[in-house]
Amino acid sequence: MAEKLPETSSTTIIQGRAGQEEIPRASKAPMAESSSAGPPTAASKSAGAPDSQLPAPERKGHRQYVRFTRLHRLQHAGMIISFMSLALTGLSLKFSYTPWAAVLSRLLGGFQTAGYIHRAAAVLMLGIFFVHLGDLLRLRRREYRSWRALLTGPDTMIPTAKDLADLAATLKWFLGLGRRPDYGRWTYWEKFDYFAVFWGIAIIGSTGLTLWFPVFFTRFLPGWFINVATVIHSDEALLATGFIFTVHFFNTHLRPEKFPMDITIFTGRMPLAELKRDKPLEYQAMVTSGALDDRLEEAYPQVVVRVIRAFAWTALSVGFGIVLWIVYAMLFAYR
Ligand code: HEM
């Protein structure tokens with residue numbers, strides 16, 4: 001483990017290797033896609049706000065740590081679009097007796113069209129799921145060589161004894177009885193969110209396909225299984241929307257360190273100072289392996305960040321709106 005590096009404020013550029021005070025804009029990072037932000041020219045500098053007035057993470061010429069690849073970001077954006085569409089159309093069927101559902105389905109073109117949108121979004125979600133499985137196979141072949149190395153390495157998504165210790169230490173920290181634990185590449189709550197979605201898709205997807213193609217599935221399953229699949233699909237949908245739009249939103253965006261929004265999954269990048277504070281072990285591993293410099297890319301320009309924020313705020317608002325609708329339907333209109 002690397003020796004602990006001194007804390008720096010988010011307005012300073014942090015050393016990548018010993019003795020390097022500032023990280024200059026340098027050659028392209030091999031694993032990171034090229035940024036649309038070019039080097040700051042005299043013209044671009046005079047056209048925009050002066051650097052000193054911009055928030056540190058978005059200042060031109062500052063490089064940020066690339067935490068997510070382009071594929072990760074595309075998958076997450078696709079997952080948001082498909083999940084929101086599935087939740088809105090699915091819940092408009094489930095709560096069809098509420099005035100909300102009538103308004104929504106009219107906006108979507110009627111209940112039948114909502115059903116078509118539901119199926120199209122399901123194809124997108126299942127497509128993302130299989131792309132992810134393919135990506136895991138690629139990762140095993142190219143970077144880890146064996147499943148054992150992938151599943152038991154330091155960056156594993158499988159919960160470990162350290163995650164249990166981190167959970168206990170975090171609870172102590174919440175109670176003021178200890179300090180914030182040093183998290184690594186994936187925290188215990190990120191692993192929990194990952195598996196909630198992973199198994200959630202397997203369950204909701206398989207039951208959804210049963211509802212979509214009942215004739216095919218009842219060739220080898222009993223007829224009553226269609227009823228069971230409807231109950232599982234419908235209740236798992238409620239669990240999934242409730243979980244994503246409350247627990248996942250809180251863990252990711254609403255906890256004090258990130259409030260009101262963390263856009264790392266959209267930009268793929270995060271300020272180095274934030275990485276040091278949030279995931280000190282990931283930072284130290286990068287410094288120790290000498291890979292840090294290769295993982296630095298220029299921050300996106302302000303205009304891109306604004307578009308991303310608008311998308312993210314829309315998703316957050318729709319998500320919270322759906323939670324309110326579910327609560328209303330369950331408390332005042334449930335049949
Ligand atoms: C990913 C694969 C999925 C497939 C293949 C799928 C398929 C289906 C199908 C065929 C129906 C019946 C629709 C109709 O009668 O026109 C349905 C209903 C429904 N779906 Fe999905 N779906 C999927 C994912 C989801 C997700 C992610 C959610 C919510 C987050 C969801 C929520 C619902 C709800 C609430 C219903 C209504 C159930 C009821 O009548 O109580 N579905 N789904």
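Guide: Let's start with strands: two of them pair if DSSP finds at least two bridges between them. Strands (E, at least two residues) and helices (H or I, at least four) are DSSP runs, numbered from the N terminus. What you see is a predicted model, where local features need pLDDT of at least 70 and side-chain atom pairs count only at pLDDT 80 or more, while totals for chains, interfaces and linings use all residues. Residues are numbered from 1 along each chain as its sequence is written.

Visitor: What makes β1 and β2 a pair?

Guide: Strand β1 (residues 63-66) is joined to β2 by 2 bridges. The rule asks for at least two, so they pair. In those bridges, V66 has R269 as its partner in β2, and Y65 has M270. The two strands run antiparallel.

Visitor: How do you know that β1 pairs with β3?

Guide: Same test: there are 3 bridges between them, again antiparallel, and the rule asks for at least two, so β1 and β3 pair. R63, for instance, stands opposite E298 in β3. Put together, you get an open sheet of 3 strands in the order β2-β1-β3.

Visitor: Why are β2 and β3 called edge strands?

Guide: Both β2 (269-270) and β3 (296-298) pair on one side only. For the whole protein chain, the count is 13 helices and 3 strands.

Visitor: Let's move to the helices. Why is F192 called partly exposed?

Guide: Count the C-beta atoms, placed from the backbone, within 10 Å of a residue's own: 20 or more others means buried, 12 or fewer means exposed, and anything in between is partly exposed. F192, in helix α7, has 17 other C-beta atoms within 10 Å, so it is partly exposed. P159 is 33 residues away from F192 in sequence, yet their C-alpha atoms are 8.2 Å apart in space.

Visitor: And what makes K162 partly exposed?

Guide: K162 belongs to helix α6 (residues 161-174). It has 16 C-beta neighbours inside 10 Å, so it also lands in the in-between class. From K162 to Y183 you go 21 residues along the sequence, but 9.3 Å from C-alpha to C-alpha.

Visitor: How do you know whether R145 is buried or exposed?

Guide: R145 has 10 other C-beta atoms within 10 Å, so it is exposed. R145 sits in the loop between α4 and α5 (147-152). R145 also has a positive phi of about 70°, although it isn't a glycine.

Visitor: How do you know where the buried residues of α12 sit around its axis?

Guide: In helix α12 (residues 280-289), the buried ones are E282, Y283, M286 and V287. They cover an arc of only 135° around the axis, so they are on the same side of α12. That arc is the one spanned by directions from the helix axis to the C-beta atoms. On the other side, T288 and S289 are exposed. Just after α12, G290 takes a positive phi of about 75°.

Visitor: What makes a group of residues a nonpolar core?

Guide: Its members are buried Ala, Val, Leu, Ile, Met, Phe, Trp, Tyr or Cys residues joined through C-beta atoms within 7 Å. The largest one here has 20 residues, and F83, L86, A87, L91 and M125 touch the most other members. Helix α2 gives the largest share of this core, 5 residues. Leaving out residues up to four places away in sequence, F83 touches M125 and I244. A second, separate core has 11 residues, including Y65, M270, A273 and L296.

Visitor: What kind of peptide bond runs from F259 to P260?

Guide: A cis one, with omega near 0°. P260 lies in the loop between α9 and α10 (264-267).

Methods
Contact = placed C-beta atoms within 7 Å.
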